[in-house]
Structures are given as structure tokens and as C-alpha cells.
Amino acid sequence: MTAMVDIRSVHKSFGSLQVLRGIDLEVRSGEVAVVLGPSGSGKSTLLRAINHLEKVDSGWISVGGSLVGYRRQGDRLYELREREILRQRTRIGFVFQNFNLFPHLTVLENIVEAPISALRRPRKEAVRAAEALLDRVGLADKAASYPRQLSGGQQQRVAIARALALEPELLLFDEPTSALDPELVGEVLDVIKDLAHQGTTMIVVTHEIGFAREVADTVVFMDDGRIVERGTPAEVLDAPSHERTKAFLSKVL
């Protein structure tokens, strides 16, 4: 397996607040990395940096062998133009905590928007692909519905289908179930599990320990902007070596 995501010495601050303090992480093609940690540990900022929604202060990130957001010239990095950054983002799917669907568009229109506008796909082709994706996430009968007519779990499944419509190399999930009622969590996790079983490369920020145990190839525990511990689910969840990891897991298990 080759590295799909390579993160080296990444730092990020907001004013005097250091949010990421020298992050090094590698995720190989086909792997699922689950990121755990308390609120404020830098998990969401790390995801947003991978998609260049946040600019890093130092260090670099590459996806699929290409620097994200920058080009290298000699020993210096120069930020890409916005058009080039947007093109890069079509290769990196992002599923947000609060769905971020367009409320004025139907479910089908939400999914076909990006393939048509960003990838210049013919509408008929984009519609066929969107219908297949809706069937894949169990929502084939909701194509003409609007987001307000769906449950939170259904909206999040539409958001996953929308991310998949661009056929990304990498999928990022930022706490995809945290905005859902408990009885709706399972239907979203089932879709993500199915993607994992099909070999989709994913980084998932979540508090769902059972999901991490079942699906993750690598579990990463973050605290105070640092990666404290990483390893297999058995290593990190069942036999953590760091006291901070032990303390966190004792409160959530």
C-alpha cells in the first residue's frame, strides 16, 4: 500500500492559541483512520487543513502524492490559486457534522451540483450516477425531496452521497453522527462501514468507540494539538500506553 495522506510537522495557531503542534500522520491507500480526542484537541482543524479549508502555519500535507494548497519551488512553498485549490478539493470528499446541504435544492440536485459545475459532467450522466448513489445509501425514493423533509440521518446519508459523487480519492468525516438523535446514528455508521469494507480511504473524527473498534485500521488519539498515541484498535482502545489516553477512554467507554 502507498501513502494516500502524508502530514509532516503541521502547526496551526489562531492568534495566541496553538491548535496543532507538530502533527505527523500517514494514512495508506485503502485504510480507515479514526481520530479520537476531547473537544478542543485539534481534530476538526486537522481535517480542515487536509482539505485546505484552514491554512497551516508550517509543515505540509500531501494527498495522493500532491501537496495540498501549495506548490514547492526550491525550499519554499507558494499557495495555489483559488481555482487550483478548488480543483484539488474535488479529490477530497468532506462530510460535515451539520450536513451542509443546500436547503433550496432537492436531494438529487444537491448531489449533481458539484459533478456538473466542477467536473463538467453531462447532466444525464450526473443524474444517473446520483440515482445510483442514492440507492447505495438507501434513499432511492428521496430524490425529489428537500432536505427539510428528511430526518437528520437521511440528510447525512445524502451528504455522504454528495461527497461520493465526485469520486474522491479520500473521504474526510468530521463527527458525522454528533448532530443526530441516538436512534439515527446507526444508519449513518452503516453506510460508512460499507465504504470501509469496499476499501475507501477515510479519516473519520468521531466519538463512536464501537465504530472505531470495528472499522478502523488505525486509531489516532489527539490531545492539546498533538498526537498522543496511535496504533491498531486493539492497541489504543484495549491496551493504551499513555495515561492521557487511558483517562479519556475511562470516561467514554
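Start the tour at the largest pocket, which holds about 740 Å³ of space. A pocket here is an open set of points on a 1 Å grid over the protein atoms alone, with protein on both sides within 12 Å along at least five of seven lines, and a lining residue has an atom within 4 Å of a point. Grid points are joined across faces, edges and corners, and the volume is the space filled by probe spheres set on the points. Select Arg-89, Thr-90, Ala-114, Ala-118 and Leu-166: of the 23 lining residues, these are the closest to the pocket's centre. Then colour α2 (82-89), β8, α3 (107-117) and α5, the elements that give two or more residues to the lining. Helices (H or I, at least four residues) and strands (E, at least two) are DSSP runs, numbered from the N terminus.

A word on what you have open: this is a predicted model, where local features need pLDDT of at least 70 and side-chain atom pairs count only at pLDDT 80 or more, while totals for chains, interfaces and linings use all residues. Residues are numbered from 1 along each chain as its sequence is written, and side-chain values use heavy atoms, with hydrogens and water left out.

**Around the pocket**

Stay with Thr-90, in the loop between α2 and β8. Is Thr-90 buried or exposed? Its relative accessibility is 14%, so Thr-90 counts as buried. Buried means under 20% relative accessible area, exposed over 50%, and partly exposed in between (1.4 Å probe, protein chains only).

Next, select helix α5, residues 152-164. From first C-alpha to last, its 13 residues reach 19 Å, close to the 18 Å expected at 1.5 Å a residue; that expected span is 1.5 Å times one less than the number of residues. Look at how α5 is covered: 13 of its 13 residues are buried. Move on to Glu-167, in the loop between α5 and β9 (170-174). Glu-167 has a positive phi of about 50° although it is not a glycine, and at 61% relative accessibility it counts as exposed.

**The six-stranded sheet**

Show the open sheet ordered β8-β9-β10-β3-β11-β12, which has mixed pairing. Its edge strands are β8 (92-95) and β12 (226-231), each pairing on one side only. Two strands pair if DSSP finds at least two bridges between them. Zoom in on β3 (residues 32-36) and β10 (residues 202-205), which pair in the parallel sense over four bridges. Click Ala-33, then its bridge partner in β10, Ile-203.

**The four-stranded sheet**

The other stop for sheets is an open one of four strands, in the order β2-β1-β4-β5, with antiparallel pairing. Here the edges are β2 (17-28) and β5 (66-67). β1 and β2 pair over nine bridges, and you can find Lys-12 standing opposite Leu-20 in β2. Also pick Ser-9, found in strand β1 (residues 3-14). Ser-9 is not a glycine, yet has a positive phi of about 50°. At 39% relative accessibility, Ser-9 counts as partly exposed.

**A hairpin to click through**

Select β6 (residues 70-73) and β7 (residues 76-79), an antiparallel pair with four bridges. They form a hairpin with two residues between them, and Gly-74 in the turn has a positive phi of about 65°. Gln-73 stands opposite Arg-76 in β7.

Now go to helix α1 (residues 43-50), where six of the eight residues are buried, so the helix is largely enclosed by the rest of the structure. Highlight the buried ones: Lys-43, Thr-45, Leu-46, Leu-47, Ala-49 and Ile-50. Just after α1, His-52 takes a positive phi of about 60°.

How many cavities of 30 Å³ or more does a search of the whole structure find? The search finds one. A cavity is a set of points where a 1.4 Å probe fits but cannot get out. The largest cavity has a volume of about 40 Å³, and its lining includes Ala-49 and His-52, along with Glu-54, Trp-60 and Tyr-70.

**Zooming out**

Finally, select residues 5-249, where UniProt places the feature "domain: ABC transporter" (unreviewed entry). UniProt positions are given in the numbering used here, feature names are shortened, and annotations may be inferred rather than shown by experiment. Over this stretch the chain is 37% helix and 28% strand, with its end C-alpha atoms 26 Å apart.
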